[in-house]
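Hi everyone, thanks for having me. Please bring up the model on your screens, and we'll walk through a few parts of it together.

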Amino acid sequence: MSKNLQKYSSRNGRNSKFVSEHPWTLDILLLASNVAWPGFLQPHVEVLLLWITWAVDYIDLDYLEYLLWLLLPFFILFIFPIFLVLFIYGCVIFVHIYGHRHQIREAYHTSYWEGARVAIASFWDGVGNVWHGYELKGIENVPDEGSALFIYYHGCLPLDVYYLISKLVIHKNRSLHCVGDKFIFKIPGWRPLCKLFSITAGTVEECTEELKEGNLLCIAPGGVREALFSDPNVYDILWGKRLGFAKVIIGSKTPVIPMFTENCRESFRTPEWGRSFFRWIYEKTKIPLCPIYGGFPVKMITHLGKPIYFDFDTVTPEEVRKTVKREIRSMIKEHQRLPGSVWQGIAQRWSAPSKKKTDEPEQAELLQRNGAGTTSPTSDSEDVVVLRRERSGIDDDDAEIDELGGI
């Protein structure tokens, strides 16, 4: 590498105007080339240094400097205000975290990792409040002790799950364990964070054991398929043929808390073009190669329904799946304005809450496409929904496959 740079110095260095005016640049390049880099870095360093030498010789840096000064007013007018807004939001989030300083301090006295968990939860709670005006309704349905299984509709990105975890850590002092898709554990640097917040790619047996130990657990049966390919116009539920979560419910004899977040598909979206192609790739490879765009500051409200109890001795996985799916559809029908709209989601942050209109022809048609019916699960009391064994038929796609889905 150093020989190549020396050749460059003797052949091109004197002819390069930039190098002649700034001779120290070549000295730095030569010094960097003589450093004993680790073996896995050496090829990359060599390519980078060769690219820099080419750029210095062939790119007109004076012209780039001219463009920088020419466009500087535009940077000042548009880029700096954006950074200023980000800094202000950062201060607001810091103030929010500072408001939880007592919980953070007490958590650090308990455990080093517990303190880190509460600090991170406070940060995400601040992000949710500032950027999405996040609200959690139905937190009283979460038990202070004992197990419960959250079944939720999966948005494009599971921001609502991050915000829910933060709320439960801060206000309930409870950790929400999550089932995640296997690919997230392959992302560099994510494994310690997944371990800290108890995110696992659990099997049916592992999830059943988690609940028997008295933990809170959340599962999105739709998983990545629902996250990337569900239509934001109808919020269709894409659970495929999965029954793993139903087996977890029966095996652990745990109540189910249905969960849905308003506008969870409006903050981030996937483009409509090429959706069928990307889904074909996902179905063949299970690799989520679908572009995502957004980050819109829409209003997000997570609704936690009443706990659903089953007659665990007689109920079948198909019946559990059908009941939970029907309850999630009912929550979408009740709380989500259809078709989904980014602009309406943003406007909702400043408009007074109003009753969702579900009797309009367009919305009725969309809900019908989503499979939301007018029936609701039978209930024996105001607090719980109890399913008695009913042989009323099963959906065509209710085949038995042990897949859970996840965030």
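Let's start with a question: why is α12 largely enclosed by the rest of the structure? Because 7 of the 9 residues of α12 are buried. Buried here means under 20% relative accessible area, while exposed means over 50% and partly exposed is in between, using a 1.4 Å probe and protein chains only. Helices (H or I, at least four residues) and strands (E, at least two) are DSSP runs, numbered from the N terminus.

Before going on, a word on the source: this is a predicted model, where local features need pLDDT of at least 70, side-chain atom pairs count only at pLDDT 80 or more, and totals for chains, interfaces and linings use all residues. Residues are numbered from 1 along each chain as its sequence is written, and side-chain values use heavy atoms, with hydrogens and water left out.

Back to α12. Its buried residues are Gly 244, Phe 245, Ala 246, Val 248, Ile 249, Ile 250 and Ser 252. The cover over them includes β2, α10 (204–212), β5, β6, β10 (308–310) and α14, where contact means heavy atoms within 4.5 Å.

Now look at one of those covering elements, strand β2 (residues 148–152), where 5 of its 5 residues are buried. Ala 148, Phe 150 and Tyr 152 point one way, whereas Leu 149 and Ile 151 point the other way. Which strands pair with β2? One is β5 (residues 216–219), running parallel to β2 with 4 bridges, and β6 also pairs with β2 in the parallel sense over 4 bridges. Strands count as paired if DSSP finds at least two bridges between them. On the β5 side, Ala 148 has Leu 216 as its bridge partner, and on the β6 side, Tyr 152 stands opposite Met 259.

In soluble globular proteins, nonpolar side chains tend to be buried together.

Next, some backbone details. Most residues other than glycine have a negative phi, and most peptide bonds are trans. Which way does phi go at Lys 253, positive or negative? Positive, at about 50°. Lys 253 follows α12, sits in the loop between α12 and β6 (256–261), and is partly exposed at 48% relative accessibility. Tyr 235 also has a positive phi, about 55°, in the loop between α11 (223–229) and α12 (244–252). Tyr 235 is buried, though, with a relative accessible area of 0%.

Then there is a cis peptide bond between Leu 338 and Pro 339, with omega about -5°. Pro 339 lies in the loop between α14 (317–335) and α15 (342–347) and is partly exposed, at 25% relative accessibility. Pro 339 and Pro 232 are 107 residues apart in sequence, and their C-alpha atoms are 7.0 Å apart in space.
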